[in-house]
Amino acid sequence: MSIIESTKEKIVELERAADQFALIKDTLPFEVRFTTQGLIDNQLKDLRYRLEKLTSLRSNKSCTVCDNWIKEDQEPVQLFYQYNNTADPANITVCPSCIGSMKKVMFTNEAEKLWGLQPGTIKQDRRLGNLQAFEEIGLVYHTGRYIKIHELVMKNYYEPRIKEREKKAKK
Ligand SMILES: [Zn+2]
């Protein structure tokens with residue numbers, strides 16, 4: 001049995017003991033009840049902590065993009081890419097949150113389509129300086145002929161305006 005399995009088993013055993021203790025503890029003198037409960041709680045805490053350490057070490061992988069450790073319950077995407085036989089293969093591991101954040105940056109025409117804005121709206125707002133605060137922190141940026149924009153700008157700058165417009169249209 002691996003050390004992880006045996007630790008898991010010990011936790012289950014101890015939880016069972018804790019349940020049994022809970023059934024009889026009211027019949028025990030306060031002193032005994034207090035110390036036994038303390039022992040069980042401490043040991044459980046210790047075992048759970050050890051298990052957490054063991055399982056987080058087990059994955060032993062970190063995200064190639066953000067350098068954070070991949071947690072056991074995360075499903076990273078992995079790629080071994082080798083340019084040719086003489087090159088060392090690159091081992092690329094990307095955590096779900098990095099994959100998620102890549103999808104949050106888009107070209108302005110995609111964003112306009114997704115949020116139902118007139119084509120060119122974002123470019124025009126940028127020219128007028130309306131997006132400057134977002135641009136300064138890198139959530140809007142130029143890349144070649146195109147402009148890329150983060151979902152956060154759409155949610156915080158455009159969505160309130162869209163809602164307001166909708167409200168006015170209803171009246
Ligand atoms: Zn990452």
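The model is predicted: local features need pLDDT of at least 70, side-chain atom pairs count only at pLDDT 80 or more, and totals for chains, interfaces and linings use all residues. Residues are numbered from 1 along each chain as its sequence is written.

**Exercise 1.** State what separates the centres of domain 2 and domain 3.

Solution. Start from the bounds, which come from an automatic or database domain assignment: domain 1 is 3-59, domain 2 is 61-101 and domain 3 is 104-170. Taken over C-alpha atoms, the centres of domains 2 and 3 are 31 Å apart.

**Exercise 2.** Compare the span of helix α1 with its expected value, and state how many of its residues are buried.

Solution. Helices (H or I, at least four residues) and strands (E, at least two) are DSSP runs, numbered from the N terminus. Helix α1 covers residues 3-24, 22 residues in total. The expected span is 1.5 Å times one less than the number of residues. From first to last C-alpha, α1 reaches 32 Å, close to the expected 32 Å. A residue is buried if 20 or more other C-beta atoms, placed from the backbone, lie within 10 Å of its own. The number buried in α1 is zero, so the helix lies largely in the open.

**Exercise 3.** Give the strand order of the open sheet and its edge strands.

Solution. Two strands pair if DSSP finds at least two bridges between them. The order is β3-β5-β4, with antiparallel pairing. The edge strands, each pairing on one side only, are β3 (105-107) and β4 (140-143). Three bridges join β3 to β5 (residues 146-150), and Phe107 stands opposite Lys148 in β5.

Conventions:
Buried ≥ 20, exposed ≤ 12 C-beta atoms within 10 Å, placed from the backbone.
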